[in-house]
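I opened my notebook to get to know a new structure. Come along and look things up with me.

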Amino acid sequence: MIVEPLGCRFFGTLTVERSGETIDIGTKKAEALFAFLCLNPGVHSRERLAGMLWADSTDEKGRNSLRVELSRARKSLGDLFLAERETLQLNPQAVISVDAIAFQQIIDKPGASIEELQAACALYRGELLTDLYEDWVLPLRQELLELYLAAEIQLAQRLHSRGDHTQALAHARRAIVREPSNERAHQMVMRILIDSGDRSAALHQFETLTKELQDDLGVAPSSESKALAAQARAATGQQAAPQANIAATSSPAAKQSQPTRSNLPTPLTNFVGRRRELDELSVLIGEQRLITLAGAGGSGKTRLALETARSVKAYFPHGTLWIELAPLVDGLQVAQALARLLGVQESSDRPLSEALIEFLQNKTVLLILDNCEHVLAESARLAEQLLQGCEKLRIVATSRELLNIAGEFVYPVRTLTPPVGDDVPAVSASDAGQLFSARARSAQPAFAIRPDNAGLVAHICRRLDGMPLALELAATKLRAMDLSLLATRLDKRFDVLTSGSRTALPRQQTLRALIDWSYDLLTRDERVVLRQLAVFRGGWPLEAAEAVCELPTLPPGSEVVVAADTDIVSVLGRLVDKSLIALDQAVSPMRYSMLETIREYCQERLREAGDEDGAHNRHAYWCEQLSKAAEPHLLGAQQIHWAGILEREHANLLAALDWCIDNRDGLHALQISVYLNNFWLYKTYLIEARRILSAALALATDVPKPLHAAALSSACDFALRLGDHTLLRDYATASVALAEEVGDQNALAAAVRRLGQTHATLGDYATAEVRMRESLRRYRALNNKAYEHRVLNDLGEVYRWTRRFPQALDFYHQAIALAEVVQDARGLAYYINNVGLTLVQTRDFAGARDYLARSYELSKQTDRIVGYYVLFGLIQLAVARKAFADAARWLGALDAWSRTTGYKAYSQDAEDLESAIASTREGMDDAGFQRLWLMGQATSLESAVEGGLAHE
């Protein structure tokens, strides 16, 4: 089966998307394998792939590593691979679009048009696969970079010959951004500037080229470049010396003609990460006249703007001007601050903006307006006036809120990416980990990311959302406390993260002051809604916000000014614009989210406002209604769709349940739990479900008895799967008694089934069969087909465990037929798997493998426990063919997954598993078994299953 099309970006960091959602392939090796197969279509030998990707490993270890990474890639990407025992390739029928391939196809096209070349260059977002360091990547990366540079220069030449100097210049400068010492690109810029009459700028470009060549290559410009410089000097009347000789004069006219000086602040710390952002902004400045770096407080907007300005300074011969707006208390001071910097005098006979425009009108200047949010209207007005009057001016603004004027290009500044893992390579590779480590060395000069502290650094980076200011404040605390204590105390982050730089602005000296600054700029409605949004976890859709958030009612005659569009949607939009919440439009439905740091701040404000109970109760009610709507669909054709919805909201559901339990609301805690029963089973949330159900049942002193009976039945599910036989018996007995008392026939059928499962688990198969057949009669009398096939499967289990295999297969096939009628994919996965396990026992190994494979394909989106039994079946097959090395490795993976989830195998299956372990131990030496077992422990269940199925 071919999966949906994939879209892949290989330029820059590898990104793979399907249906608008980004796919995490899992490991760098799995990414490298997928990327190589995409860029090199066709059949490849496994030996060559293993040798290429694991050059330092033995052949056997390399091939084993290849199997593991192939399994990981399959888990993420689906049915894309055609794997034979000795070969591997991507399925030729799979639809995969790769930017690097599309780029090369256009570049290689004879006679490609200007528009086609522009489209190709737009695909080049950075060097090929910048986060992969495989040997095969490096020459291809360089080859594609050279093709890109040649294409940009060709575009500049063709556009220049057409007289389109603006676009030509942009393309030549993009080439320089990618390779600052590319002499051909500098020459192209000089030619365009000379032909467009800006010969001073052409000379400035020559000076930049001279410096780049000397710094990078240790050489001087070529004779061709010197000739272009001489041509520019001849036209401007300059001598051979490359520096600009501006006559010093005191006359106003002469002063106005001089270049302004750049006043960029000199950073006192090194700049960490954000290479992609710097590259993108360096190109965008040549294309956009106004760029607003928008983001939450502390996200690093100011530093990114500064580094961007420093990187493009050479392209603005008349100055790069830095205006710090944070100290201003009056919006009228914005224009005055710029005037003071430029030396422009105010006059009573004309607006200051006109004088500024006159001064900047013919100058190539970059203006940075830093921290606009508290003087937003005046900053926007001045920017618009200057851009309208000064053709060569570029403006970069930093703000927590958009300027919202024509021509504004909004560049979102996210917080730094936290580590994706807890080991040294993952933490060291992340921007957040690098920043924390760099600043920690200021507090502890010997600090380094090591195996013993990498997990703590990763925890701190995630806990602080990768927020640069928070990470820097946290790092300074290492002067007074060790890393583990710091990680623990971040639960009270606003009390810990204080005492920043004495010279920083007051709002940047503590984490609380940073967010106070943004909060104080909000309207009353925005504050109320923002506070209430703190009850959500893991994001929320629009309808959830509308259900939970309530706008305040203003008393008559109130002096508070409120916008006319005071509905939740418009308030959310304003909060997005002010960078206090984020909107992800790439997912459907769109979701809002909030940084954890801001959420904890808003929690405090919600408590202070006295609306904590109301907001949490509305949130719990919304979660209950969602789970109620989902519950009927979790057993039928729409189970995958609804399980996906609940998975997206699982953090919210757990938060609502914890709120109910903490407030002793057993009624709603039980109701939500019963609705979520099948979802928790699908997703293997066994330990979490048992914790919540146990706590909720302890509060069930005054709840309706039918609900209590249903909750006991649900609790049986998790006691059964967690191997808690005593609790299972108690819950099942109580459930039957309650169901009989209230006369609920569906509840009674379920309770009797639970009692049958209890007897089977305890080894009393005769009583178990009696109870299960009674449950089957009750469900058939109720025409409840959704549960009838489950009891048929239970009976099949009893017969399989008592080694009556033909009868077991008959029950399983009845269950399969009925599950197909009601379209229960989860049930089908289980029953098909059970057929496979039965065929293992009857030694039909080929049939067993086919059923296990079918079962696993069905289980990927429905129930991870099926994967456990697929691997269990593969282990039995391996033992039967005496492949003890495979069995040992898979047993280790099975054990690791069981420990993580708490899952325990049923009854006779547990005995068969112990028998497989004993046979494997007998078939190999202890050291070999232990080594392979430990290898399996480090392998995910899914990787083990997919590797096993490929092997079989």
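These entries go from the whole chain down to single residues.

**Ground rules**

I am reading a predicted model, in which local features need pLDDT of at least 70 and side-chain atom pairs count only at pLDDT 80 or more, while totals for chains, interfaces and linings use all residues. Residues are numbered from 1 along each chain as its sequence is written, and side-chain values use heavy atoms, with hydrogens and water left out.

**Whole chain**

I looked up the secondary structure and found 46 helices and 15 strands in the protein chain. Helices (H or I, at least four residues) and strands (E, at least two) are DSSP runs, numbered from the N terminus. The C-alpha trace spans about 110 × 75 × 55 Å along its principal axes.

How many of the residues count as buried? I noted 53% of the 952 residues of the protein chain. Buried means under 20% relative accessible area, exposed over 50%, and partly exposed in between, with a 1.4 Å probe and protein chains only.

I then turned to contacts, meaning heavy atoms within 4.5 Å. Among contacts in the protein chain with a separation of 6 or more, 69% come from residues 24 or more positions apart.

**Nonpolar cores**

A nonpolar core here is a set of buried Ala, Val, Leu, Ile, Met, Phe, Trp, Tyr and Cys residues joined through side-chain atoms within 4.5 Å. In soluble globular proteins, nonpolar side chains tend to be buried together.

Which residues have the most contacts inside the largest nonpolar core? I wrote down Leu-533, Trp-540 and Leu-871, in a core of 154 residues. Helix H42 (residues 864-880) gives the most to this core, with 12 residues. I also found a second, separate core of 95 residues, which includes Val-98, Ala-120, Leu-149 and Leu-169.

I followed Trp-540 further. Not counting residues up to four places away in sequence, Trp-540 touches several residues, among them Leu-533, Leu-572, Ile-581, Arg-591 and Tyr-592.

**Aromatic pairs**

I found 21 aromatic pairs in the structure. Rings of Phe, Tyr and Trp (its six-membered ring) pair if their centres lie within 6.5 Å; planes under 30 degrees apart count as stacked, over 60 as edge-to-face and the rest as tilted.

Phe-11 and Phe-103 make an edge-to-face pair, 5.3 Å centre to centre with 85 degrees between the planes. This pair links distant parts of the chain, 92 residues apart: Phe-11 sits in the loop between strand E1 (6-9) and strand E2 (15-18), and Phe-103 in helix H4 (residues 99-107). Phe-11 counts as buried because its relative accessibility is 2%, and Phe-103 is buried at 0%.

The pair of Tyr-868 and Trp-897 is tilted, because the ring centres are 5.7 Å apart and the planes stand at 40 degrees. Tyr-868 is in helix H42 and Trp-897 in helix H43 (residues 884-901), 29 residues apart. I checked their burial too: both Tyr-868 and Trp-897 are buried. Ring pairs also link Tyr-868, Tyr-869, Phe-872, Trp-897 and Tyr-903 into a cluster.

Leu-386 is in helix H16 (residues 376-389) and is buried, with a relative accessible area of 0%. Which residues does Leu-386 touch, not counting residues up to four places away in sequence? I listed Leu-338, Leu-356, Ile-357, Leu-360, Leu-367 and Leu-393.

Leaving aside neighbours within four places in sequence, Thr-838 is in contact with Arg-800, Phe-805, Leu-809 and Tyr-812.

Is Thr-684 buried or exposed? I found that Thr-684 counts as buried, because its relative accessibility is 7%. Thr-684 lies in the loop between helix H32 (677-683) and H33 and has a positive phi of about 60 degrees although it is not a glycine.

Asn-783 has a positive phi of about 55 degrees, again without being a glycine. Asn-783 lies in the loop between helix H37 (765-781) and helix H38 (785-801) and is exposed, with a relative accessible area of 55%.
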